[in-house]
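Work through the exercises below with the sequence and the model open. Try each task before reading its solution.

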Number of protein chains: 2
Amino acid sequence: MKKIEPFANTPKPPYYAVIFTSIKIEKDERYSAMSERMIELLKSQEGFLGFESAREELGITVSYWKDEESIQKWKANIEHQEAQKLGKKVWYRSYKIRERL
Amino acid sequence: MKKIEPFANTPKPPYYAVIFTSIKIEKDERYSAMSERMIELLKSQEGFLGFESAREELGITVSYWKDEESIQKWKANIEHQEAQKLGKKVWYRSYKIRERL
């Protein structure tokens, strides 16, 4: 029987975690739509292993990756970069990204 | 002027991140009290650098550490272990802990 849970199903180490923490200033429909699109896009990335997300005042999204190359590709993804720019301009008061092996 | 933000004030790498994700089944006063006490205790640990926390259905707490030894000491802390036992028994349906450098 499969246990259903929202945890990322990560393999045995080594793998990478990218910790994205943010403070949102605006909540709007565009944000929700963009957020959903980014998750969809994230899931299609090579080397992507899973993600976990929660938000109160602070939002935390941890994504897990097979290797650094996959992370670099995700960072370089044009649609992702556009979303980040918009995020900086419109939604986030502040954010921080950390990569850990 | 100091910028006030809820992000952990981590130094330049290397440092460690411990990612604790959990699904809570019960919300009660005892949980809040225990949670506050654990944060207090966490802050007093040697090698502790900061933490970030958010909860929706899934809860994520990321704590940051100077080295593995500090993490091991925190894991071995008796009061922390008691809290973990109670957590497993009473509050959490499920949880997962990951350590990344």
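**Exercise 1.** Decide whether A:Tyr15 and A:Tyr64 are buried or exposed, then classify their ring pair.

Solution. Step 1: A:Tyr15 and A:Tyr64 are both buried (buried means under 20% relative accessible area, exposed over 50%, partly exposed in between, with a 1.4 Å probe and protein chains only). This is a predicted model, where local features need pLDDT of at least 70, side-chain atom pairs count only at pLDDT 80 or more, and totals for chains, interfaces and linings use all residues. Residues are numbered from 1 along each chain as its sequence is written, chains are lettered from A and ligands numbered from 1 in the order in which they are written, and side-chain values use heavy atoms, with hydrogens and water left out.

Step 2: A pair of aromatic rings is described by the distance of the centres and the angle of the planes. Rings of Phe, Tyr and Trp (its six-membered ring) pair if their centres lie within 6.5 Å; planes under 30 degrees apart count as stacked, over 60 as edge-to-face and the rest as tilted. For A:Tyr15 and A:Tyr64 the centres are 5.8 Å apart and the planes are at 75°, so the pair is edge-to-face.

Step 3: A:Tyr15 is in the segment before strand 1 (16-24) of chain A and A:Tyr64 is in strand 3 (58-65) of chain A, so the pair ties together parts 49 residues apart in sequence. Strands here (E, at least two residues) are DSSP runs, numbered from the N terminus.

**Exercise 2.** Classify the ring pair of B:Phe48 and B:Trp65.

Solution. Step 1: With centres 5.4 Å apart and planes at 70°, the pair of B:Phe48 and B:Trp65 is edge-to-face. Step 2: B:Phe48 belongs to strand 2 of chain B and B:Trp65 to strand 3 of chain B, so parts 17 residues apart in sequence are tied together. Step 3: B:Phe48 and B:Trp65 are both buried.

**Exercise 3.** How many residues of chain B are in contact with chain A, and how many salt bridges cross the interface?

Solution. Step 1: 31 residues of chain B are in contact (heavy atoms within 4.5 Å) with 31 residues of chain A.

Step 2: The rule finds 2 salt bridges across this interface (a side-chain nitrogen of Lys or Arg within 4 Å of a carboxyl oxygen of Asp or Glu). A:Arg98 forms a salt bridge with B:Glu52, and their closest N and O atoms are 2.9 Å apart.

Step 3: On the side of chain B that touches chain A, strand 4 of chain B gives the most, with 6 residues.

Terms used. Helices (H or I, at least four residues) and strands (E, at least two) are DSSP runs, numbered from the N terminus.
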